[in-house]
Amino acid sequence: MSDLIDDPDPGANAPEFSVSDLSGAIKRLIEGEFGHVRIRGEIGRVSRPKSGHLYLDLKDDRAVINGIIWKGVAGRLPVQPEEGMEVVATGRLTTFPGQSRYQIIIEDIKPAGAGALMAMLERRKAALAGEGLFDEQHKKRLPYLPEIIGVITSPSGAVIRDILHRLRDRFPRKVMIWPVAVQGERCAPEVTRAIQGFNAMTPGGAMPRPDLIIVARGGGSIEDLWGFNEESVVRAAAASEIPLISAVGHETDTTLIDYASDKRAPTPTAAAELAVPVRLELLAWLDGQEGRLIHALSGGVAQRGQRLRDLARALPRPEVLLDGPRQRLDVWGDRLPAALIRGVQVRRVALSEAGGALRPGVLRRMIEGDSRRLMAASERMGGALERRTRDDRRRFDALAARFGARSPADEVAARRAEAGRVSQRLSAAGERQITTWAQRITALDRLRETLGYKATLKRGYAVVRGDGALVTTRKAAKAAGALEVEFADGRISLGAAVPAPKNTPKSAPKNKPKSDAPDQGSLF
């Protein structure tokens, strides 16, 4: 009987599941058994798509599990996950049927102790330092006495009171407070916006731009101060055009903003001390400088007075200084008559030489030119007198019409009399000028007559011509075929007739007037 009946296959009567049914059953099982879990591990790959969600891997040395942080949770995290950070993640375990994998939906994630935070801090510090954000060459010099100080801190803490109190004690200044959260998830974005907001203000505007910025916070744990280690805060501090002092935590606390700021203060109170000098010390220093200046001026005046007295004692007596000039004056007085005589002789010779070069034609042209200028000046003077008289009459009539001091007839008569007097003075001046010019012309004519060769002939000299040319040497006289001698009262010929000069045209008339002076020749 057993051979006639087949045995059923194992599991042949088990129910069949679809892929979706099986994936859903696994999902319900995992979510039911692991509602909320805390997982410790190292962050591996981190992905930030445009949706705003975070996708990461949590791993240890033997396994990896995928993790998801939804957009709303990622924006509230105090510390943003980074690759290589050791963290403790809290969330619920679930599956993703589309890829047959399980994953954790992270609701909170924190670094696994201070060691993990410090390791992440060192990596971030090295990366930012590699970009040059901490270089000393980018540090700006703090103003010596800022007019307005911007403070970025919590408005309700003790820090702002300490800063205001210290500023009031040292040197009161205007303070602008930008309230921010100094810890938690809102700290980093608010501090970043505050630094950028102060830099965006316009100097001298309705809301004046501060000359110095202080970022301050009291002491706390590394988690409390973590907002000042965020990359956005560090970059805003490094890019600030306004000098920035960081005063975050106590002296032993160090954040990344301390490296990017222009000056680090160990405490907020120390930041206020770095911001302004002590007013009383400045006043004392000014008093000291004033005293030193007065002392230096007094000493300088006294020293120069003593020097002046010493130099005065070294000077010679006034009468000794005058001995040399007196002696030189006597010597020059003795030399003066002889020098005057020599000067007259030299000028007389120069006058004789200059007179020899004068020609009657030149003098005649000068006289004619002076005559023409005299006539033109006389004509212009007459017209100018008439125009001046008319202008004066119009001006006087206008003044009379304006003031009405006297009748027009009297004013006209007075102005006419004045114009007559002016005309007489101008006529007299013109006659005197004409007389002076006539006298000059007469003197020049007398000088021409005196310097001409005719006057020289009257003193017993003669002009000798031979063969139509002037004879100036004995040799030329012997070589000439005939000689002509000109005296003051006429000419005589010796020998044959004197031929006409070679440069005289044959067509020249016989009665051509002779020149008053020879071109060249000698007087005997």
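**Two helix pairs in a predicted model**

Trainee: At what angle do helix α5 (residues 187-200) and helix α6 (residues 231-239) pack?

Mentor: In this predicted model, local features need pLDDT of at least 70 and side-chain atom pairs 80 or more, while totals for chains, interfaces and linings use all residues. Residues are numbered from 1 along each chain as its sequence is written, and side-chain values use heavy atoms, without hydrogens and water. The axes of α5 and α6 (helices being DSSP runs of H or I, at least four residues) lie 8 Å apart, and the packing angle (from 0 to 180 degrees between N-to-C directions) is about 15°.

Trainee: How are α5 and α6 oriented relative to each other?

Mentor: Their angle is about 15°. Angles under 35 degrees count as roughly parallel. The two helices α5 and α6 are therefore roughly parallel.

Trainee: Which residues of α6 meet α5?

Mentor: From α5, the residues involved are Ala188, Val191, Thr192, Ile195 and Gln196. Their partners in α6, in contact (heavy atoms within 4.5 Å), are Ser232, Val233, Ala236 and Ala237.

Trainee: At what angle do α4 and α8 pack?

Mentor: Helix α4 covers residues 158-170 and helix α8 covers residues 268-275. Their axes are 8 Å apart, and the angle is about 30°.

Trainee: Which residues of α8 meet α4?

Mentor: α4 contributes Val159, Asp162, Ile163, Arg166, Leu167 and Arg170.

Methods:
Parallel < 35°, antiparallel > 145°, perpendicular 65-115°, else oblique.
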